[in-house]
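Hello,

Here is the structure I promised to pass on to you. Please have a look at it first, and then read on for what turned up.

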Amino acid sequence: MLRNREFRQFIIFFFFIATVYVFLGFRFSTAAGFLAIASSITFGTLFGLYTRARYKSIARISEQIDLLLHNADQLSINKTEEGELSILQSEISKMMLRIREQNDALKKEKENLANSLADIAHQLRTPLTSANLILSLLANNPDENQQKAFVRETEELLIRMDWLITSLLKLSRLDAGIVVFQREPININNLLKNALRPFLISMELHNIEFQIHAPKEMMIWGDLSWLSEAIQNLFKNSIESIGDNGTIEIICADTPLHAQIEIHDSGKGFNIEDLPHLFNRYYRGKNQKETGYGIGLALCKMIVSHQGGSITAKNHSNGGAVFSICFPK
């Protein structure tokens, strides 16, 4: 307590006042002087004991805070009676709980980052290993036709790696919260046509037909470029599932409550056990395909959910997969 400058000043002031009252007491009578001495000693003793008890409580709070700063797992501040110190203890308890929650969140983020880096390294290692193997075969194979085939395979691997890196960068930007989504009116037909445009040649080569059923003036609010990115990933998934000679049907519904986009393909659909995990990052399903990374659908969900929408997947009763995007109004 004596280390507190204000407490030392109070002691000096108290002794000065007590001395004055004792002096004045003896001026009146000896009994008054002794009464002043007894009162000063009693008051000083009680105040010292009370202050010491408060300092002990403050010391306990300080120890708890020090434990918190050293990452203690369990912290507790005992409740006291109502008063200023009790209010202080309550506020510090709230602060400690909040800091603990933030520390737990930071630990989880570090774990997720470590897992993500490991997944990224694994995802990139597979096409890199394949590319190195193809290049070694290319160097030792004199057949010109075989060399052209190896070059095409290498180009496809590089395209897949470029898509993977681009998608991972977009996921990282969304995770970091640095993406600012535009909110503007979007015509559904224009959105679907923009999303389909990169796949038109591939669909023609694989004899895949598509049909769009959407009200001509149907509008939603969102970011055109990012929503196009999301729908393109859904089209990519459907095209890979269909293979050759299939169809993609897009059905849009505009109601007073929501706007909905359904993409139905004639592919194999999903395994029942995969449905709850389709939009989990890096999930590739029970029947993993060489071209699958578990990135595209996770990216779709993040883009749609960040703009207030929801996305689901299911198997159609007539076969194939159905992706459904819904935006409430």
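How many helices and strands are there in the chain? There are eight helices and seven strands. Please keep in mind that this is a predicted model. Of the 329 residues in the chain, 33% are buried. Among the contacts with a separation of 6 or more, 68% are between residues 24 or more positions apart.

Let me begin with the nonpolar core. The largest one has 49 residues, and those that touch the most other members are Ile188, Ile231, Phe235, Ile248, Ile250, Ile261 and Ile263. Two or more residues come from each of helix H4 (144-176), H5, H7, strand S4 (246-254), strand S5 (258-265), helix H8 (296-306), strand S6 (310-315) and strand S7 (321-328). H7 gives the most, with eight residues.

Next comes helix H8. Why can H8 be called largely enclosed by the rest of the structure? Eight of its eleven residues are buried, so the rest of the structure encloses most of this helix. The buried ones are Gly296, Leu297, Ala298, Leu299, Cys300, Met302, Ile303 and Val304. H4, H7, S6 and S7 are among the elements that cover them. After H8 comes Gly308, which has a positive phi near 85°.

H8 also packs against H4. Two packed helices are described by the angle between their axes and the distance between the axes. Here the axes of H4 and H8 come within 10 Å and cross at roughly 35°, and the crossing is left-handed. On the H4 side, the residues that meet H8 are Trp163, Ser167, Lys170, Leu171, Leu174 and Asp175, while H8 brings Gly296, Ala298, Leu299, Met302, Ile303 and His306.

Two residues link up with this part of the picture. Asn233 lies in helix H7 (residues 224-242), and it counts as buried because its relative accessibility is 5%. Not counting residues up to four places away in sequence, Asn233 touches Trp163, Gly296, Leu299 and Cys300. Gly177 lies in the loop between H4 and strand S1 (184-187), and with 57% relative accessibility it counts as exposed. Gly177 and His306 are 129 residues apart in sequence, yet their C-alpha atoms are 9.8 Å apart in space.

Helix H5 (residues 188-196) is worth a look too. Its buried residues include Ile188, Asn189, Leu191, Leu192, Ala195 and Leu196. These cover an arc of only 160° around the axis, which puts them on the same side of H5. At the start of H5, a side-chain oxygen of Asn187 comes to within 2.9 Å of the backbone nitrogen of Asn189.

Finally, which residues does Phe14 touch, not counting those up to four places away in sequence? They are Ser40, Phe43 and Gly44. Phe14 lies in helix H1 (residues 5-28) and is buried, with a relative accessible area of 18%. Between Phe14 and Gly44 there are 8.1 Å in space, C-alpha to C-alpha, and the two are 30 residues apart in sequence.

Technical notes: Residues numbered from 1 in each chain as written. Predicted model: local features only at pLDDT ≥ 70, side-chain atom pairs only at ≥ 80, totals over all residues. Heavy atoms only, no water. Buried < 20%, exposed > 50% of the residue type's maximum accessible area, 1.4 Å probe, protein only. Helix = DSSP H or I, 4+ residues; strand = E, 2+ residues; numbered from the N terminus. Arc of directions from axis to C-beta. Polar contact = N/O pair within 3.5 Å; in protein donor to acceptor, adjacent residues only side chain to side chain. Contact = heavy atoms within 4.5 Å. Core = buried A, V, L, I, M, F, W, Y, C linked by side-chain atoms within 4.5 Å. Axes fitted to C-alpha atoms, helices over the stretch in contact; angles between N-to-C directions. Left-handed = near helix turned anticlockwise from the far one by under 90°.
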